[in-house]
Amino acid sequence: MPLELIRDDITKVHADAIVNAANSSLLGGGGVDGAIHRAAGRELLAECRTLGGCETGQAKITKGYKLPVKYVIHTVGPVWHGGNNNEDKLLADCYKNSLALAKENNLESIAFPLISSGAYGYPKDKALKTAISVIGEFLLNNDMMVFLVVFDKAAVTLSEKLFSSIKQYIDDRYIEEHPGRYRPEVQHILKERHIPKEYYLEEPMLSAIEEPGPMKKGKRSLDDLVKRMDETFSQMLLRLIDEKGMTDAETYNKANIDRKLFSKIRNDINYKPGKPTAIAFAIALRLNLDETKDLLLKAGFALSNSSKFDIIIQYFIDEGNYNIFEINEALFAFDQHLLGV
Ligand code: AR6
């Protein structure tokens, strides 16, 4: 099941458990720790007193008391000393051990704050990267709904380089208006060949028709397109999964898609997903831009240069970066819808 980045106060999140960024005494403190103890009430502190503290990187579980969750998992993040004191491993251990405890207790959902990124001084972009990579790895083999709760917007600061590179890519392509349709003579060819209307907006289609001789490598052939015109989204998705030699579980995990939603799509040949879901599958299947556009079209969508969301997706496909969690991190930073979930 998926990872969702949300902006909220963790004490308000409804899940089976929330994680507390505690200190080794487990007897409360400031920041998220203080907020959790205030919201849970004194009984939480009483139970914490019986636990005998907790070492950095380890995790312990208590009940949730007045919080809207069954459990609180307390973990102790590392204090940032510049990065050469095993901080990254210890922070990764916090997420791993908390997730292991959640699994042991058969929890279905859990919410994390950005551990160590407040009083303990861990740079927020690095803390976020570690969180996303450990949680992402865990979710490839485990079924759980994980929320990563980002308290303030400034917490999500993509690395300067990635941010400016995406921004440049958007600036180069972003257009306010929809691009014009094809010239009348091209539309005529499309009509003659009985290509449905929705294909008219497809740029690659134009080059496929106008370019004489063999198709460029990577471009799909017109014959293929016409043959597969009747295929539905669900049929195309299942065919691509087979062709790529992937399993269902691998596909929905890499797409950050819930297993139940996937089985709905598998069982309903006419299922029409939303755009973020359709794109999430394209990412999981590592489709190139043309293939992505084909799959989207089956769900009635296209990629456009008048949408920042679409341009960011194109950026990652162009870069060959198909890590859905990194893509979501970027979408989040640019205030866009996230993929999957
Ligand atoms: N909901 C979600 N996130 C929050 C909330 C909240 N209510 N409050 C703060 N954050 P910190 P640490 C974010 O300092 O760095 C305590 O005194 C905050 O913006 O809570 O691991 C403990 O007792 C930041 O991004 O935890 C320890 O002594 C993140 O949560 C020490 O602080 C973590 O900030 C632990 O420091």
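I'm looking at a predicted model, where local features need pLDDT of at least 70, side-chain atom pairs count only at pLDDT 80 or more, and totals for chains, interfaces and linings use all residues. Residues are numbered from 1 along each chain as its sequence is written, and side-chain values use heavy atoms, with hydrogens and water left out.

**Overall**

Of the 341 residues, 50% count as buried (under 20% relative accessible area, 1.4 Å probe, protein chains only). I get 15 helices and six strands, taken as DSSP runs numbered from the N terminus (helices H or I, at least four residues; strands E, at least two).

**Cysteines**

I checked for disulfides (cysteine sulfur atoms within 2.5 Å) and found zero. C54 is in none, and its nearest cysteine sulfur, that of C94, sits 8.1 Å away. C54 is buried at 6% relative accessible area, and C94 is buried too, at 0%.

**α12 and α13**

I then went to helix α12 (residues 275-284) and helix α13 (residues 289-298), which pack at about 145 degrees with axes 9 Å apart. The axes are lines fitted to C-alpha atoms over the stretch in contact, and angles run from 0 to 180 degrees between N-to-C directions. Which residues of α12 meet α13? I noted K275, A278, I279, F281 and A282, against T292, L295 and L296 in α13 (contact is heavy atoms within 4.5 Å).
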